[in-house]
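Subject: Structure handover

Hello,

Please find the structure below, with the sequence. My notes on what was found follow it.

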Amino acid sequence: MTDPLPHTLRSDASDNRERILEAARTLFATEGLKVPMREIARHAGVGPATLYRRFPTKQTLATEAFTDEMRACRAIVDEGSAEPDPWRGFCLVIEKTCELHARSRGFTEAFMATFPDAMDFVAEREYALRSIAELAHRAKDTGHLRPDFVVDDLVLVLMANRGLHTPSKGARVAASRRFAALVIQAFQASPQHSPLPPVARLAPAAPHKIT
């Protein structure tokens, strides 16, 4: 009879890793890269020893969390590019990228500001923009994407999506989904005005001080 213990240990280690990375992304996004490692361990439900065994330094942890984020972005672009219907693939890229950014709002900016030389951001950005440009060209050929679309339009959309302010992550994701639906309708050559996702409650913007 095969002893299931090694498999169980591997499974537990994998679960711990995912919990640690998720906790790190959440806390880095909300509190910045100065958040204590012990607070990340507490948020992940693991002991400090487990955290440091997997990630000896905060930079190691932040880099691994950001690497996962970049892999997810590339996977979305590749999934959209592989879609037989280029318009559907284009919509998929917008929907999933907006939601990914809404879930990790603030983490990317904090990581790049703190560790600007940790990774080759330029190569990943160029890959994504090149792939999206090719996908957009194919979507235009189908007649579904408006002919005056340029990739910079999508960059503006993602910048706006990152600026969503909501009382919670759940509300931010819901707002992002509605925003993505509005954007897709705006990008259509002949808008269909499909029903939009539910409205999300947004946090009021901080008032400007008058001096």
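Helices (H or I, at least four residues) and strands (E, at least two) are taken from DSSP runs and numbered from the N terminus. By that rule Arg17 is found in helix α1.

Two remarks on the source come next. This is a predicted model, in which local features need pLDDT of at least 70 and side-chain atom pairs count only at pLDDT 80 or more, while totals for chains, interfaces and linings use all residues. Residues are numbered from 1 along each chain as its sequence is written, and side-chain values use heavy atoms, with hydrogens and water left out.

Overall make-up

The protein chain has nine helices and zero strands. Buried residues (under 20% relative accessible area; exposed is over 50%, and partly exposed lies in between, with a 1.4 Å probe and protein chains only) make up 37% of its 211 residues. Contact here means heavy atoms within 4.5 Å. Among contacts between residues at least 6 apart in sequence, 68% join residues at least 24 apart.

Salt bridges

A salt bridge is counted when a side-chain nitrogen of Lys or Arg is within 4 Å of a carboxyl oxygen of Asp or Glu. A search of the whole structure finds 14 of them.

One of these joins the side chains of Asp68 and Arg17, at 3.5 Å from N to O. The pair links distant parts of the chain, with Asp68 in helix α4 (residues 58–82) and Arg17 in helix α1 (residues 5–31), 51 residues apart. Are Asp68 and Arg17 buried or exposed? Both are buried; for Arg17 the relative accessible area is 16%. Not counting residues up to four places away in sequence, Arg17 touches Arg54, Phe55, Glu64 and Asp68.

Another salt bridge is formed by Glu124 and Arg74, whose closest N and O atoms are 3.2 Å apart. Glu124 lies in helix α7 (residues 121–141) and Arg74 in helix α4, so this pair ties together parts that are 50 residues apart in sequence. Glu124 counts as partly exposed at 26% relative accessibility, and Arg74 is partly exposed as well, at 31%.

The side chains of Glu99 and Arg103 also meet in a salt bridge, at 2.8 Å from N to O. These two residues are four apart in helix α5 (residues 86–103), and are therefore separated by about one helical turn. Arg103 is partly exposed, with 40% relative accessibility.

Salt bridges that share partners join Arg17, Glu18, Glu22, Arg25, Glu64, Asp68, Arg71 and Lys169 into one network.

Packing of α4 and α5

Two packed helices are described by the angle between their axes and the distance between the axes. The axes are lines fitted to C-alpha atoms, for helices over the stretch in contact, and angles run from 0 to 180 degrees between N-to-C directions. For α4 and α5 the angle is about 165° and the axes are 8 Å apart. How do α4 and α5 run, roughly parallel or roughly antiparallel to each other? They are roughly antiparallel (angles over 145 degrees; under 35 is roughly parallel, 65 to 115 roughly perpendicular and the rest oblique). Residues of α4 that meet α5 include Ala72, Cys73, Ile76 and Val77, and on the α5 side Leu92, Val93 and Leu100 are among those in contact.

Record annotation

UniProt, in an unreviewed entry, places the feature "DNA-binding region" at residues 36–55. UniProt positions are given in the numbering used here, feature names are shortened, and annotations may be inferred rather than shown by experiment. In the model, residues 36–55 are 75% helix and 0% strand, with the end C-alpha atoms 13 Å apart.

Regards
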